[in-house]
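User: I would like to learn how to read side-chain features in a structural model, taking them one at a time. Could we work through an example together?

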Amino acid sequence: MDIRQVGENDWRLVQGVRLRALRENPDVFGASLAREERFAESHWRMRLRTSVTWVAVDDDGVGRGMVTMMQEPGSPVDDRHVVALWVAAESRRHGVGWALLDTVRRAAVAEDARTVSLWLLDSNHAAGDLFVRSGYTRTGERQVVPRDQSQTEERYVLTLRDPSQP
């Protein structure tokens, strides 16, 4: 499995992986399949211009996983945020999730970030286990999921360097 950083010209690959993720695991994302199926090429390209995305690609060029890292509006400038981590069912438990998270960690370190954070649905225990094993800490900070008021999510943080260090 090769982890590739993708750009806007890879929009079809990203579209395919993202739509598959929403079809197969609709309850773990803050997005709707019906909405994203209507996105035009320009929207996919814009997404890839405004954040950094990596796709796990198998030997046949098929996307088997994906993750995006961004600087979330309103967050500290030295925090990077993980969104849209997904691994295809047939590729889980083969190190793909680890590889994607490690890629994010290395990229965040290269950008001199102090932390990497994410929000995770309380019901997504498998992903929570992966994040904790990858060094993320559960913060206890919770919020109601905007698209589904019956669900809550918790913030996880990976500390890359001591906040007291410049």
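User: Are Arg64 and Asp58 buried or exposed?

Analyst: This is a predicted model, in which local features need pLDDT of at least 70 and side-chain atom pairs count only at pLDDT 80 or more, while totals for chains, interfaces and linings use all residues. Residues are numbered from 1 along each chain as its sequence is written, and side-chain values use heavy atoms, with hydrogens and water left out. Buried means under 20% relative accessible area, exposed over 50%, and partly exposed in between, with a 1.4 Å probe and protein chains only. Both Arg64 and Asp58 are buried.

User: Which residue forms a salt bridge with Arg64, and how far apart are the closest N and O atoms?

Analyst: A salt bridge is a side-chain nitrogen of Lys or Arg within 4 Å of a carboxyl oxygen of Asp or Glu. Arg64 pairs in this way with Asp58, and their closest N and O atoms are 2.9 Å apart. Salt bridges that share partners join Arg20, Glu24, Asp58, Arg64 and Glu90 into one network. Helices (H or I, at least four residues) and strands (E, at least two) are DSSP runs, numbered from the N terminus.

User: How many salt bridges does the structure hold?

Analyst: The structure holds 20 salt bridges, one of which joins the side chains of Asp2 and Arg4 at 3.4 Å, N to O. Asp2 counts as partly exposed because its relative accessibility is 40%, and Arg4 is partly exposed with a relative accessible area of 38%.

User: How is a pair of aromatic rings described?

Analyst: A pair of aromatic rings is described by the distance of the centres and the angle of the planes. Rings of Phe, Tyr and Trp (its six-membered ring) pair if their centres lie within 6.5 Å; planes under 30 degrees apart count as stacked, over 60 as edge-to-face and the rest as tilted. The structure holds three aromatic pairs. Among them is the edge-to-face pair of Phe39 and Trp44, at 5.7 Å centre to centre with 65° between the planes, and both of these residues are buried.

User: Why is the pair of Phe131 and Tyr156 tilted?

Analyst: The ring centres of Phe131 and Tyr156 are 6.1 Å apart and their planes stand at 55°, so the pair is tilted. This pair links distant parts of the chain, with Phe131 in helix H5 (residues 125-133) and Tyr156 in strand S7 (residues 148-159), 25 residues apart.
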